[in-house]
Amino acid sequence: MTEIEKLIQRFKQAGAYVISNHNFKKEGLTVSAVIDASQLKTLAKDLYRQGYSLLDLSTLEVKEGFLLTYHFDKFEKPGRIALRVLLEGPGPIAPSLYEIFQGAEWHERESHDFFGVKFAGNPNLIPLLLPDDFQAPPPLRKNPESLTSLAALKLFGSYEILSSRWETIINSKVENIS
Amino acid sequence: MATPDPILSLPPGLEAAKSEVLPPLINIKPINWFFDLNRAMSLWPVTFGLACCAIEMMSVSMARFDMARFGAEVFRPSIRQADLMMVTGTVTRKLAPTVVRLYEQMPAPKYVMACGNCAISGGPFKFEGQYGVVEGVDQLLPVDVYVPGCPPRPEAILEGLFFIQEKLTSRRWWPKPQELPPDPAPAAKGKK
């Protein structure tokens, strides 16, 4: 069993919603998985034990909510993987990875700056890039009408869907993006 | 000195510099002229760069363009020893209070040069919905000379220095650069 197959098995065990295989040369990723926010910390801890480090955390506002993408990689050999978490609802809250990867604290602060995503467990969720006394709402929030749906983004490569909810999300009809 | 434009509105939470330059205590014209001449020939800029225009400021102080020939020789690391503030680069919303504070710490007489399009008007960062950039440092500080360019050529920064010297002594001290030959007529616009 290769390392990637082991990872996929671990993701399935953790109740991943979607598992995708990517073409590394084209997309820069080997495997990505959409997981539940409650599983994020345990999976990150597993990855930490296997020698992965956290590359970045990117946030994307889509019609369904906020899609957080955590990229992980190893120093020894190429094989970037991604964990994605979809936060639905008005007050997005994700668990903080601060206890596992200390550097995550800054990524989370940035995400909090620009999108207003809250991270439970981050000890210092103050503005990182914006001024301390910034008064406007999070500046990268979009107009609800101009949001794209997740299905239109084609993020998932060749995927395997393990949840009915995500089947409707990914297979929903893509509207024309003006 | 120019005063901050009241029409342009500052982002909330920002305040323009409050310090003002008082008239000299002994107001005798020849003495003032003598002091101004001395000031003009030894302007001390502050080592203070905000973005890529600062690279041109470094270039202008180095051997090829050699600002020292015109008196602005000593770049001071402390604003309290300087009398020329070259605002080289984008003044972000986050750094703006610091820029104002630095200006207020500078002993008078003090001069401000806005170098580059960002410091003049926000430059490429001026668009609807931008949240991070002060659109023109003249909203915060009284600016003496604007040096356009993105970034300005070192020669342009030298010209800006000459303008400040001219402002102080009401004459230009250095020979004018040679005129360039006129541009060739622009080619007629053809249809693609």
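A: What follows goes through the backbone features one by one and then turns to a side chain elsewhere, for context.

This is a predicted model, in which local features need pLDDT of at least 70 and side-chain atom pairs count only at pLDDT 80 or more, while totals for chains, interfaces and linings use all residues; side-chain values use heavy atoms, with hydrogens and water left out. Residues are numbered from 1 along each chain as its sequence is written, and chains are lettered from A and ligands numbered from 1 in the order in which they are written.

As background, most residues other than glycine have a negative phi, and most peptide bonds are trans. The bond from B:A108 to B:P109 is cis, with omega near -5°. B:P109 sits in the loop that runs between α3 (96-105) and β2 (111-115) of chain B. Helices (H or I, at least four residues) and strands (E, at least two) are DSSP runs, numbered from the N terminus. B:P109 is partly exposed because its relative accessibility is 22%; buried means under 20% relative accessible area, exposed over 50%, and partly exposed in between (1.4 Å probe, protein chains only). With neighbours within four places in sequence left aside, B:P109 is in contact (heavy atoms within 4.5 Å) with B:R39 and B:D83. From B:P109 to B:A72 the C-alpha distance is 15 Å, across 37 residues of sequence.

Another cis peptide bond links B:C150 to B:P151, with omega about -10°. B:P151 lies in the loop between β3 (145-147) and α5 (154-169) of chain B.

Next come the positive phi values. B:D66 is not a glycine, yet its phi is positive, at about 50°. This aspartate belongs to the loop between α2 and β1 of chain B. A relative accessible area of 25% is why B:D66 counts as partly exposed. B:A68 is also found in the loop between α2 (53-61) and β1 (84-88), and with 29% relative accessible area B:A68 is partly exposed. B:A68 and B:L43 are 25 residues apart in sequence, and their C-alpha atoms are 9.8 Å apart.

B:S170, again not a glycine, has a positive phi of about 50°. B:S170 falls in the segment after α5 of chain B. Its relative accessibility is 65%, so B:S170 counts as exposed.

For context, here is a side chain in chain A. A:H71 is placed in strand β4 (residues 65-73) of chain A, and its 17% relative accessibility makes A:H71 buried. The side chains of A:H71 and A:D56 are joined by a polar contact of 2.8 Å. A polar contact is a pair of N or O atoms within 3.5 Å; within protein, one must be able to donate a hydrogen and the other to accept it, and residues adjacent in sequence count only if both atoms are side-chain atoms. Beyond neighbours within four places in sequence, the contacts of A:H71 include A:L29, A:S53, A:R80 and A:I81. Chain A as a whole has 5 helices and 8 strands, and buried residues make up 46% of its 178 residues.
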